[in-house]
Amino acid sequence: MTMKHCISVSVAEQHTGDFMFVLSVIQVKGGSVGNKRAEKDQKAHVMVQQGKQKYKINHVILCLKKHATWIRHNIRKKECCFFIKGAREDVCMCGYGKSEHAAEAIKEEDFSREVWDAHRHVREVPTDAFGEISFGGLRQTTTKYARVSTETSPEALYELLTEQWKLCPPNLLISVTGGAKNFYLKTRLKNVFQRGLIKVAQTTGAWIITGGTNTGVMKHVGQAVRDYSLSSSMQGQIVTIGLATWGVINNRDVLVHSQGCFPAHYPMDVKGRMPCLDNNHTHFLLVDDGTHGRYGVEIDLRSRLEKCISGKPLGNKAVGVTIPVVCVVLDGGAGTLNTIYTAMLNDTPCVVLEGSGRMADVIAHAAGLPVSQVTISLIHRLLKKFLSHEYDNFSDLSIIEWTKKIQDIIRMSHLLTVFRGGGDSHGDVDVAILQALFKASRASESQGVEGWRRQLELAIVWNRVDIAATEIFTDESQWKSGDLHWAMFSALAGNKPQFVSLLLENGVSLREFLQSEDTLCDLYKKLPSCFFLRKLAKRVHSACSRRRKVFVLKNRVQAGPSEGICLSYVSDEVRHLLGNFTQPIYPPPTMTYQFNMEDAASLSRSLSGSQAPLRMDLAEAQRDPARDLFLWAVVQNNKELSEIAWEQCTDCMSAALAACKILRKMAEEESDADEAVDMLELANHYERHAIGVFTQCYSNGEERAKKLLVRVSPLWGRTTCLRLALAANCKSFVALSGVQALLTQIWCGELSVDNPVWRVMICMICFPLIYTGFLTYRRDELIQREFEKNEAIKTVESVTGSALTTKAKSCDLTTMKSLNCWTRLTGLYSSPQVKFYWNIVSYFAFLFLFAVVLMMDFQATPSPGEILLYVWLFSLVCEEVRQLFYDPDGFGFHKKARVYIRELWNILDVLSIILFIIGLGFRLTTQLFYAGKIILCIDFVVFCLRLMAIFTISRTLGPKIIIVRRMMMDMFFFMFLLSIWVVAYGVAKQGILIHNDSRLEWIIRGAVYEPYLVIFGNVPTNVDYAAFDMDSCSMNATDPLKPKCPVLNENQTPAFPEWLTIIMLCVYLLFANILLLNLLIAIFNFTFQEVQDNTDRIWKFQRYELIKEYHSRPAAPPPFIILSHLYIFIRNVVLCRPSHKSRQFRTELPHIEEEELLSWEALMKDRYLLSTQQQQSETMER
């Protein structure tokens, strides 16, 4: 097999799917006829696909050629260069036959007496066996292999493994040694060994090194890897490297090819005289010393390779911890004892599995005794017990030597760990392996900070938090917060949430860890590839490009300074995700470049663009480490890390709602559908957290919980929880009873929420009743509540006789004054509820006046009533303009305009005003007077539709309006389906009945209007002879008020086929009236059932907008509202005075009160998390 042939086979296998796609295109091309342009396009497409495939094949061939060239230059084999007859005539002393030697190795008879020497008669030549092995059988696996010389440099082999075979450097090297022949392993111990070995390799990213053959301990390791690959979706994750002796491998001839085999098909002949390679290993290094049939050739090279790997830095670090090595022993004989002894002399810890048999059990039993009791007689007994079949072949001298080695092994107890399968405290093999490494590390190093640090670094790299908790964070180790900062950074950057929790539990202070901004910036630089990182990198790049452009234009420097990620860019991107109603969460950086004010202005314009100027006091900029860490975890959509950081947050409810907004905004912009789904799931998770915390708060203190909703959060852009919930579309949160109670309180203003509506309406007309106690105010309720509390305290004092302190309560009561007359009056008419009722009355009056003008008083010269109507409308226009420019959230005009126009009721307002202006313009023109009245009549319909907005506040009718809006969308799409039947029947009917009618209006009437009326029961009479009336039509279409008559025959009767028109009508009625209309009813029913469960939640969410609108609305209703508009214009525009800010939706608390409120919120959060954990544990128990 040539190399080109091997490569072609491999490439064909790798790209079968692509070739099948090209073949399908060719088949489509061959099957299509008639369309030359389509055939030409298909030919071009096929050529493009073939070009791509050719490029892929050439690329693969080039890569494999480079790989083969590197191996031939760096990897060599050994071969005998001098044939000397051995026991048989045709077999050399090296073990190979005469035919397997090169021609120059066959010497003349003169050299026949020379003694064969491996050092002189074996030479190194470029290897001729490398590439990929394809194993047959049920599991067709492919592995990489290379035939290497015993003298090969370990550095070259490491480069082959990592650079050529693309293996990631290991975090741990596990050398498994033991019995090379098949041996019995108890089922329980076998399962424990295989499960533990795979677990430690999987969790730590280890390499497993074995002898590579399908026998003995190597077979057990291969079975473990096979079972893992069958049960795991991550195929090939466990790296298992087999170092086998080339001269003893069965069927090795198929692996030989000077150009490499890709792949070599290797038959598994398990019944052969020599062992086969194990098909469950991932890589093979076949060690060659130029001989045949000699075992143990690979031991020296394996030892040197393990030592080389153990000297490599862990995690590709230039300095620091090196890759640890551990030796795992099962079964084995004298060679295994030598391997253990040599490994321990090289400070390699060994784990011996008791119960695996033979030499492993001898060492395990001796290890539990003092060295003085490990005598030659004891070893004799143990050897006879565990190696009974071989015991008779052992010489006394060998046993004495083995006894000495076992004694030395026991003396190095820090390097020896015996895993006892029955009831050992280790629990599992993986724990025993890792604990053996830590035990060896503690014995070889001083128990200072550096010693513990090395062990902790190993545990972090292996991601074994269980080992760190039991072996490192003990009473013996004394850690300071600063000593663990590197570990915290490594755990965060490596996405190891369990380690983050462990480090926080053991003294790491987030405030100290994130004290420097550089640490946080470094964390953002270590973000995994995610949506936020791509957006952040794009923002940094564009900002730096603009900055360079400004500097170059001003001739200050040749190019702008190169800049990486800093917190100001993070702040800008987070503000984009949160919304422009927030302020930057991090202050802008201090500019260190020297330029004048003109440069600064240009740079500011280039960086800010069209955004509104930010008004932020840098002295108030705050940094909270828990907030910073939580935000860092949320933007990368990491649930585990963000959960840990959220539990550390003080302002936890704002943090959860901000996470909802950020994640939903990222999901909206993310192009990857799967990532977007994950973001939405995490957003819903934090919405549930916010709901849980607020529910806990509201059940323990209603007033405090309401303060949390409207409290300005300095940590989250100086916004409020309520505003974040609305921006994040958290309908379930807004629908909570506590949030709705706050909205109802704002809706009622100074009035009590318990006042009946009829009382409020009566006081609107007869306001003196408010001074008689007819209406209850919130201040009155508060005074009454405090009075009752004081009375209860006095009652307790009088009964118990104890002196309770009531001075504070008395002071609070005395400082609470009842509302005066003016405050009561303004409190009534400034209530959003009262404003709403007055506006309803005003709107009804406007519609009544509008209707009177249209039906009774529409004169050529506008009457006083009509002029009043125009003034009234002008006041409505002024109010819409005020709403458009009213921007308490700081959106900016452009975004506020987009938000304004997205609201349906605002669209109706704008449409009605535009129609009124157009109608008024036409009405004042003599030629278009009547057209103007028609437009005004249509505008009246729009104004009446706008009246539905008054029902949105109703708990009964509000949700129904939402259902009506959904049904209107269903009906809009249904009309497309209905129009197909209407037009189909109408055109066919019109064509059959009427011949060449040229009047467009009558064509549309017959083809569209009349079929549409049929749906509602207006059955046509011109499709039936019996009902046909000649007087109802015009013969030649001369009468413009009558339709054209159908075609008549010689008897002056209709000539159309009556049977056909009647059948068409019946079929049309069957489908249109019965099928489609019932389908529409079913669609409406489905929409109603689907939306009904959510309408209450949606209505509660949308209720906020109405409350906010009327809270900011002037008290006077139209048309008197124009006076309020005039006042606002003079105050804000003429006098340039700032508008009054309401404390109902946004409250800034004093520092002490805010700290107390946040502490209480943190306590409620802990209670919520505790109750959640209890519920989860109860669920698991069930």
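## Basis of the values

The model is predicted, and local features need pLDDT of at least 70, side-chain atom pairs count only at pLDDT 80 or more, and totals for chains, interfaces and linings use all residues. Residues are numbered from 1 along each chain as its sequence is written, and side-chain values use heavy atoms, with hydrogens and water left out.

Helices (H or I, at least four residues) and strands (E, at least two) are DSSP runs, numbered from the N terminus. A residue is called buried under 20% relative accessible area, exposed over 50%, and partly exposed in between (1.4 Å probe, protein chains only). Accessible areas come from the Shrake-Rupley method with a 1.4 Å probe, and for residues only the protein chains shown count as cover.

## Cysteines

The structure has 1 disulfide, a term that stands for a pair of cysteine sulfur atoms within 2.5 Å. The bond runs between Cys1033 and Cys1045, with an S to S distance of 1.9 Å. The link of Cys1033 and Cys1045 is right-handed, with 95° about the S-S bond. Cys1033 and Cys1045 both lie in the loop between helix H41 (1000–1014) and helix H42 (1058–1112), so the pair ties together parts that are 12 residues apart in sequence. Cys1033 is buried at 11% relative accessibility, and Cys1045 is buried at 3%.

Cys697 takes part in no disulfide, and the nearest cysteine sulfur, that of Cys652, is 6.9 Å away. Cys697 is buried, with 0% relative accessibility. Cys1066 is partly exposed, with a relative accessible area of 46%.

## Salt bridges

A salt bridge is counted when a side-chain nitrogen of Lys or Arg lies within 4 Å of a carboxyl oxygen of Asp or Glu. By this rule there are 42 salt bridges. One of them joins the side chains of Asp128 and Arg147, at 3.1 Å from N to O. Asp128 sits in the loop between strand S2 (122–126) and strand S3 (130–135), and Arg147 in strand S4 (residues 142–149), so this pair ties together parts that are 19 residues apart in sequence. Asp128 and Arg147 are both buried. A network of salt bridges links Lys77, Glu79, Glu104, Arg123, Asp128, Arg147 and Asp288.

Another salt bridge connects Lys312 with Glu155, their closest N and O atoms being 2.8 Å apart. This pair links distant parts of the chain, 157 residues apart: Lys312 is in the loop between helix H8 (299–310) and S10, and Glu155 is in helix H5 (residues 154–164). Lys312 is buried at 18% relative accessible area, whereas Glu155 is partly exposed at 41%. A further salt bridge, between the side chains of Arg411 and Asp408, has an N to O distance of 2.8 Å. Arg411 and Asp408 are 3 residues apart in helix H12, and are therefore separated by about one helical turn. An α-helix has 3.6 residues a turn, so residues three or four places apart point the same way. Arg411 is partly exposed at 49% relative accessibility, and Asp408 is buried at 17%.

## Helix H10

Helix H10 (residues 358–367) has 7 of its 10 residues buried, so H10 is largely enclosed by the rest of the structure. The buried residues are Met359, Ala360, Asp361, Val362, Ile363, Ala364 and Ala366. They pack against three helices and three strands, among them helix H9 (334–345), helix H11 (376–386) and helix H12 (396–411). Strand S10 (325–330), strand S11 (350–354) and strand S12 (416–420) are also packed against by the buried residues of H10.

## Asn638

Asn638 is located in the loop between helix H23 (625–635) and helix H24 (639–648). Asn638 is buried, at 6% relative accessibility. With neighbours within four places in sequence left aside, Asn638 is in contact (heavy atoms within 4.5 Å) with Asn495, Ala633 and Leu682.

Patches are made of residues with over 30% relative accessible area and no salt bridge, where like charges are joined within 9 Å and nonpolar side chains (Val, Leu, Ile, Met, Phe, Trp, Tyr) within 5 Å. Leu1126, Phe1129, Ile1130, Val1133, Val1134 and Leu1135 make a nonpolar surface patch of about 550 Å². Of these residues, Val1133 is found in helix H43 (residues 1121–1134).

Glu1058 belongs to helix H42 and is partly exposed at 22% relative accessibility. Glu1058 and Asn1022 are 36 residues apart along the chain, and their C-alpha atoms are separated by 9.8 Å.
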